[in-house]
Amino acid sequence: MDDGYRNTNLYQGGRDTHQVSDDYRYQDGNYEGYTSNDGYYRGGDEPTHEEDAQSDVTEGHDEDDEVYEGEYQGIPHPDDIKAKQKQRAPAGDDDYRDRADLMAERMEDEEQLAHQYENIIEECGHGRFQWTLFFVLGLALMADGVELFVVGFVLPSAEKDMCLSSSNKGMLGLIVYLGMMVGAVMLGGLADKLGRKKCLIISLSINAAFAFLSSFVQGYGFFLFCRLISGLGIGGSLPIVFAYFSEFLSREKRGEHLSWLCMFWMIGGIFASAMAWSIIPHYGWGFSMGTKYHFHSWRVFVLVCSLPCIASLVALKFMPESPRFLLEMGKHDEAWMILKQVHDTNMRAKGEPERVFTVSYIKTPKQVDEFIEIQSSTGTWYQRWLVRITTTFKQVWDNVLYCLTAQYRMNTLILAVVWFTMALSYYGLIVWFPDMIRYLQEEAYESRVKIFDEEEVSHFTFNFTLENQIHRNGEYRNDKFIGMKFKEVRFEDSLFEECYFEDVTSSETFFENCTIISTVFYNTDLYEHKFINCRLINSTFLKEKEGCHLDFEEDNDFLIYLVSFLGSLSVLPGNIISALLMDKIGRIKMIGGSMLISAVCCFFLFFGNSESAMIGWQCLFCGASIAAWNALDVITVELYPTDKRATAFGILNGLCKFGAILGNSIFASFVGITKVVPILLASSALVGGGLLALRLPETRDQVLM
């Protein structure tokens, strides 16, 4: 590991000393050159061993001193040798020191660095640089918000394009959360070892590539795989974004501006809702290549939803790495240059370009990790890469275990419960709300059903749409059904004799206990499963339609998009309030208060028996709960040290996505059965999590460790 240091103003526990140091090379655990016993790097101007010997001959002796007989022969005095060896020992014997001592020294260094870094960030100011990074990282967070809505919006169309069963639709809805769960843990851990910027670029690249690809693939299996990997990429971005941005913010600005950053998640939901509303109903916005390849409007929507991720990825190329992370890695000069860039950018924007960045040296913590560097001549290329990858993942796993050590165990467990209960109730309810609204619509739709009993029709041609009808005990002889659509139509105990069906498409249409004699079905989608306990006598099925052929424009109800749009927009007041009050009332009160108010909103869902009431309570619930989400993001960033921050955030966010998967599965299963279980489960989870959150330590007055 080669890092050069050229330092002049040394910071140590509030004392300023002046040392001039030259470049050092780390080799075999020792530093070439003079190493002091205070843990700081010095050297460069130190004389060589010959110069030491010569100086012993001519310097440091008064006339009255006793003369060492070997002095004039160039032999150092034994006392000088012992003193120099003693002086070198702390740096040279690091490999033999107890690891606990090294960790204690590193923790002391980190505490000094934390206070010094806070002063440096305050000197750099809050200005153009932070706002530029705010919008770049905001686009990445916006991409995360978009990803959660994409599948829900495309399902009504994709299920017909791919003929998805109910189980396939459920899997497609959950697969994104599964990818996010894995990505948060894996990429969040890597960000503490490889760097915030590098891992965020990897995360966004994975998401952009597979989100783009998913809009073109035709098969259900490939589409499912692309959405899984896309979710894995965007899931890793969330913990990195908050860790990255927090390390450019001072203590006074951190809570407020991390809360403002959360607004981009809301913007992502609004963007997805607006694009779905504008694009998906226009089924003609696409093209076909033969009979096998179709690119319909919902695929255009998927393509458009990848734009925020691509924009963030391009802009991120022009942003620097986190200097706080670089200091943890011992890269002093790189960190100093970035901090100077932040300072100069902000000062120029404020009209004070003459302001000089006064920091010349920043404390770097003791490096205790054992890095293995394999020479190019050792083994094959894949063996070298295997060792590096194995070593990196071992270090990530050590970070995961570190979050459960005695110092952080209680905070980690409490945060885990709060994240889980919040996700279980929130994600469960935001899926339950649209399902309940759809169920209420279906109930109203079924209440308008038309019933026809014992009708007799013969020698008639049906060439129009039949919708929401039930035909019982009817008789149809020599009738033709040509170029027509059946939507929510049931034929029960009816007779079809010498009829002819051609170019017929159907949705939720079934024949029950019917007798069908000498009837021809040509180019229809009336498949075998649509005939329940029917007798087919001398009937013929010719050229059945392939795939699903329904009218997408009629089936896409704009109310679905409106509900999601209003739900996303309703968090705006909560976002503004939480940002303004985050540093005034504190993170803990914000979490507890927000979760308890959300629980009260859940309770009043018992009185929501109409579409408008459900939409209103959804908006109120989303607006009340967003403050808890913002405070959770902030306190998770602040409770853990820099070299564990993204790892801890990734673990907790992964657990959050696991809670989302459970919430979606549990709450959806009770739609149309009872409202009691979802409401009581969500309310009790929010109350329990909110009360437990009050046991967390308040972090608004702490420096970022």
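Analyst: A crossing is left-handed if the near helix is turned anticlockwise from the far one by less than a right angle, and right-handed if clockwise. The model is predicted, so local features need pLDDT of at least 70 and side-chain atom pairs pLDDT 80 or more, whereas totals for chains, interfaces and linings use all residues. Numbering starts from 1 along each chain as its sequence is written, and side-chain values use heavy atoms without hydrogens or water.

User: How many helices and strands are there in the chain?

Analyst: Helices (H or I, at least four residues) and strands (E, at least two) are DSSP runs, numbered from the N terminus. Of the contacts (heavy atoms within 4.5 Å) between residues at least 6 apart in sequence, 66% join residues at least 24 apart. The chain is counted as having 22 helices and 21 strands.

User: At what angle do helix α9 and helix α10 pack?

Analyst: Axes are lines fitted to C-alpha atoms, for helices over the stretch in contact, and angles run from 0 to 180 degrees between N-to-C directions. For α9 (residues 263-279) and α10 (residues 297-304), the axes lie 9 Å apart and the packing angle is about 155°.

User: In which hand does α9 pass α10?

Analyst: The contact brings Phe-271, Ala-272, Met-275, Ala-276 and Ile-279 of α9 against Ser-297, Val-300, Phe-301 and Val-304 of α10. These residues divide into 8 nonpolar, 1 polar and no charged, where Ala, Val, Leu, Ile, Met, Phe, Trp, Tyr, Cys and Pro count as nonpolar, Asp, Glu, Lys and Arg as charged, and the others, Gly among them, as polar. The crossing of α9 past α10 is right-handed.

User: How do the residues of the contact of α7 with α8 divide?

Analyst: Helices α7 (residues 220-246) and α8 (residues 251-261) pack at about 145°, their axes 10 Å apart, and the crossing is right-handed. Val-241, Phe-242, Phe-245 and Ser-246 of α7 meet Arg-254, His-257, Leu-258 and Leu-261 of α8. The division is 5 nonpolar, 2 polar and 1 charged.

User: Is Ser-246 buried or exposed?

Analyst: Ser-246 belongs to helix α7. Leaving aside neighbours within four places in sequence, Ser-246 is in contact with Arg-254, Leu-258, Val-637, Arg-645 and Leu-704. Its relative accessibility is 0%, so Ser-246 counts as buried.

User: How far apart in space are Ser-665 and Gly-170?

Analyst: Ser-665 sits in helix α21 (residues 642-668) and, with a relative accessible area of 37%, is partly exposed. Although 495 residues separate Ser-665 from Gly-170 in sequence, their C-alpha to C-alpha distance is 8.4 Å.

User: What is the phi of Asn-473?

Analyst: Most residues other than glycine have a negative phi. Asn-473, in the loop between β10 (466-472) and β11 (475-477), has 41% relative accessibility and so counts as partly exposed. Although Asn-473 is not a glycine, its phi is positive, at about 55°.

User: What is the relative accessible area of Asn-533?

Analyst: Asn-533 lies in the loop between β19 (531-532) and β20 (535-537), and its phi is positive at about 55° although it is not a glycine. Asn-533 counts as exposed because its relative accessible area is 63%.

Technical notes: Buried < 20%, exposed > 50% of the residue type's maximum accessible area, 1.4 Å probe, protein only.
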